[in-house]
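These are my notebook entries on one chain. I record what I looked up and what I found.

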Amino acid sequence: MKYIIQLACMLAMLQSEAQTNFGKRWIVGIRGYNVLFDTPLVHDTIDVINDHGYNRGISNICDSNAVIRIACDGGDILNSTLQLMENGDSILPREFMKRFSGVARTPQASIILPMENRKYYVFTPTVSDSFHVNVWLNQPSLDWNFDQLLYHVVDLNQNGGLGKVVEKKKPLLQNTPLKKSMMAACRHANGKDWWLLKMAGDSNMVYTFLVKQDTILRYPNQGIPFPFRGTNDVWGQMKFSKDGTKWALTYDAYSDTVYTPSCDVMLAQFDRCTGRLGGFQHFHKPGEYGFLGLEFSPNGNYIYTTRYSEIHQLDLSEGTWYNVYGEDTNFFCGYTTMELAPDNRIYIARFDGLCKQMSRINNPDGKGWACQFCPNCLRSQSNWGYLLGLPSMPNYELGSTGQPCWPLEVGELVIEKAQLEIYPNPFIDEVNIAYQLATGE
């Protein structure tokens, strides 16, 4: 029997070139201020979150016109009016919501991934009620982990476009120690699905999921080949490079008993077809305090890290560290998480309300001081300003690689003892693969 598979490569490449604007507008800071990455940059000094305080575990997504459609403060899901979406309240367990007044307080504690037909997944790591009662209330705070990874499904076709949470608190992981921070997503090579990676809490394992249009598949765990321990992980970030070929993470402490700073960056190559990490490298820079935030330069040649009062650059081609800024004498303002924006500049959140402004790296592809670090560039007249949160934003503009993965997907195509015929050869916009199974198969 003869089978024919047709691969429409041109369609995938055209899809990859489309601009979605999903990440063009951010809701930032503890009161939810509005930043539009246009020319020139537009940022509001009037808070847009009225009944919901923001913190650090925040995320949002726009439509093609850069209008906010979904926002998440880590504890609730909001609609385009930045009010509670139908069924969007209390997306985390009750005890956790009570403890932290309904918002997530660690970086990368929520992320929003778009699918077809105006459907969206929202992911939130958290702690179950039983773990909160039996562990969190009976052990020192340094011994806390999360133990759940939940997902929620939003349908924006409901309620005249305001949307509805149609599935809620669906577990991906349960009874599983997880880091409080360190969760990131990257487009699959097909430009349609997503890879979601989340760091384990008690080992060097990375949990890996393929987020498809109608299902989520768990892939084998991946191990980082370096010591990785400790639960004092209120800070730290996991990131993909803009082109999705590199992956890195850092965290702030590695001791279970006392604060011992972690000044380490773990780097790997990432395969967007298979979701696998490889080619690991480990970089260490001693210091009195651990790294709080991490981000890649747009060209992927540099990694930036923050300490409370310092900004550092790591040249990946040389393995060389550069001190971009610090020590800042106003220590209590502090530098924390970092995000690469659509304008190819890196924005840096502040630790404390004594400073109402965000800092920025204007030319992150520049080496050393040529990166043009600009302290307090985004100024606010508000009493709260841009304190605390930057949204967790994957690269929504990353599309298909233009080349099919082989095998296409796990379990989708398995051929043994087959004769293959590929035509036409060469091809421009599509290719046919014909295969004839061996006699008796």
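The entries below go from the whole chain to its sheets, cores, cavity and single residues.

**Basis.** I worked from a predicted model, in which local features need pLDDT of at least 70 and side-chain atom pairs count only at pLDDT 80 or more, while totals for chains, interfaces and linings use all residues. Residues are numbered from 1 along each chain as its sequence is written, and side-chain values use heavy atoms, with hydrogens and water left out.

**Whole chain.** I counted three helices and 28 strands in the chain. Helices (H or I, at least four residues) and strands (E, at least two) are DSSP runs, numbered from the N terminus. Of the 441 residues, 56% count as buried; buried means under 20% relative accessible area, exposed over 50%, and partly exposed in between (1.4 Å probe, protein chains only). I then looked up the range of the contacts, a contact being heavy atoms within 4.5 Å. Among contacts with a separation of 6 or more, 57% are between residues 24 or more positions apart.

**Sheet E2-E3-E4.** I next looked up strand pairing, for which DSSP must find at least two bridges between two strands. An open sheet of three strands has the order E2-E3-E4, and its pairing is antiparallel. Strand E2 (25-28) and E4 stand at the edges with a single partner strand each, so one side of each has no neighbour in the sheet. Four bridges pair E2 with E3 in the antiparallel sense, and Val28 stands opposite Tyr33 in E3. In the loop between strand E3 (33-36) and strand E4 (42-43) I found Pro40. The peptide bond joining Thr39 and Pro40 is cis, with omega about 0°.

**Hairpin E8-E9.** Strand E8 (residues 111-114) runs antiparallel to strand E9 (residues 119-126), and four bridges join them. Ile112 stands opposite Val122 in E9. The hairpin has four residues between the strands, and Asn117 takes a positive phi near 60° in this hairpin.

**Hairpin E17-E18.** Strand E17 (residues 264-270) and strand E18 (residues 277-284) run antiparallel and are joined by six bridges. Leu267 stands opposite Gln281 in E18. This hairpin has six residues between the strands, and Gly275 takes a positive phi near 75° in it.

**Nonpolar cores.** I define a nonpolar core as a set of buried Ala, Val, Leu, Ile, Met, Phe, Trp, Tyr and Cys residues joined through side-chain atoms within 4.5 Å. The largest has 57 residues, of which Ile70, Ile77, Phe123, Val154, Leu196 and Val211 touch the most other members. Strand E11 (residues 164-187) gives the most to this core, with six residues. A second, separate core of 21 residues includes Cys186, Met238, Ala268 and Leu277. I also listed the contacts of Ile70: leaving out residues up to four places away in sequence, Ile70 touches Asn60, Ile61, Ile77, Leu78, Met85, Ile112, Tyr120, Val154 and Leu156.

**Cavity.** A cavity is a set of points on a 1 Å grid over the protein atoms alone where a 1.4 Å probe fits but cannot get out, and its lining residues have an atom within 4 Å of a point. A search of the whole structure finds one cavity of 30 Å³ or more. The largest cavity is lined by Arg56, Pro107, Gln108, Gln237, Thr337, Glu339, Leu390 and Ser392.

**Loop between E7 and H2.** Leu82 has a phi of about 60° and lies in the loop between strand E7 (77-78) and helix H2 (94-99). Asn87, in the loop between E7 and H2, has a phi near 65°. Are these residues buried or exposed? Leu82 is buried, with a relative accessible area of 8%, whereas Asn87 counts as partly exposed at 33%.

**Asp193.** The loop between E11 and strand E12 (194-200) holds Asp193. At 1% relative accessibility, Asp193 counts as buried. Asp193 and Gly399 are 206 residues apart in sequence, and their C-alpha atoms are 9.8 Å apart in space.

How values were computed:
1 Å grid on protein atoms, 1.4 Å probe; cavity = no way out; pocket = protein on both sides within 12 Å on 5 of 7 lines; lining within 4 Å. Points joined across faces, edges and corners; volume = space filled by probe spheres on them.
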